[in-house]
Amino acid sequence: LRRAEIDHGGLGTQAPVLVWAEDPVDVLLLHIQGSGRVLLPDGSVKRVGFVTSNGHHFVGIGKTLIDHGKLPKNNASMQEVVAWLKAHPSEAPALIAENPRYIFFKLSEGDGPFGAQGVALTPRRSMAVDPEYIPLGVPLWLDTKDPDGQPLRRLMVAQDTGSAIKGPVRGDFFWGAGAAAFEKAGRMKSPGGYWLLLPRRSGDVAATGG
């Protein structure tokens, strides 16, 4: 089933509801991120993590809004995307539904969020990569800039994957949780490079460039 069919009850009782959310845009962001924290009315927090998807390809909501002329063709930030969706609640559902991919979650205990390796991600140290090119667990030296143009050079570890993270030199920098992290992550579109740090063996080079 596609997202629109699932949103209209196409699964019936096959996937039990874990929590209800007030804002459909927050739910969309959770689907994009693949994991997150849910603040309940009593002040408690539940953590949810990725289980599987419906198998359909991912279509970014930013691209959809640009294609429909809702946002200018300038690689709109996630903040701009969220602001538009919240300001146009009657139009948003149909545009969101153009992404057929749907994510299913489970309740998670302990620290998190958890990446594809099954370990908790570390803010500003964990990176999502394409495992077709970069093996999970390998340390990387990242050389790029943050959304404000400041140098961002540091040791990272390839610990996660993502449906939009495709290609040999493509990565998703994990900023962490909360409003400050979202402010950075939503604007991060920086070009850069990285180096894989590999054990030295006789006759081998110690690192390869990305």
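A nonpolar core is a set of buried Ala, Val, Leu, Ile, Met, Phe, Trp, Tyr and Cys residues joined through side-chain atoms within 4.5 Å. In this predicted model, the largest such core has 15 residues. The salt bridges number eight, and a nonpolar patch sits on the surface.

**Nonpolar cores**

- Within the largest core, the residues with the most contacts are I61, L65, L71, V81, W84, L85 and I96.
- Two or more residues come from each of α2 (24-33), α3 (61-67), α4 (78-87) and α5 (92-96).
- The top contributor is α4, which gives four residues to this core.
- L71 touches L65, I66, A76, E80, V81 and W84, leaving aside its neighbours within four places in sequence.

**Surface patch**

- W141, L155, W195 and L197 make up a nonpolar patch on the surface.
- Together these four residues have about 350 Å² of accessible area.
- W141 belongs to strand β5 (residues 139-145).
- The relative accessible area of W141 is 36%, so this residue is partly exposed.

- D67 and K63 pair through their side chains in a salt bridge, at 2.7 Å from N to O.
- The two residues are four apart in helix α3, so about one helical turn separates them.
- Both D67 and K63 are exposed.

- R153 and D143 form a salt bridge through their side chains, at 3.0 Å from N to O.
- R153 lies in β6 (residues 151-160) and D143 in β5, so the pair ties together parts 10 residues apart in sequence.
- D143 has 27% relative accessibility and therefore counts as partly exposed.

**Salt bridge between loops, and a network**

- D148 and R187 form a salt bridge, with their closest N and O atoms 3.1 Å apart.
- This pair links distant parts of the chain, 39 residues apart.
- D148 is in the loop between β5 and β6, while R187 is in the loop between α6 (179-185) and β8 (193-197).
- D148 is partly exposed, at 45% relative accessibility.
- R187 is also partly exposed, with a relative accessible area of 27%.
- Both residues belong to a network of salt bridges that links D146, D148, E183, K184 and R187.

Note on methods:
Residues numbered from 1 in each chain as written. Predicted model: local features only at pLDDT ≥ 70, side-chain atom pairs only at ≥ 80, totals over all residues. Heavy atoms only, no water. Buried < 20%, exposed > 50% of the residue type's maximum accessible area, 1.4 Å probe, protein only. Contact = heavy atoms within 4.5 Å. Patch = residues over 30% accessible without salt bridge, like charges linked within 9 Å, V, L, I, M, F, W, Y side chains within 5 Å. Areas by Shrake-Rupley, 256 points an atom, 1.4 Å probe, with all protein chains shown as cover.
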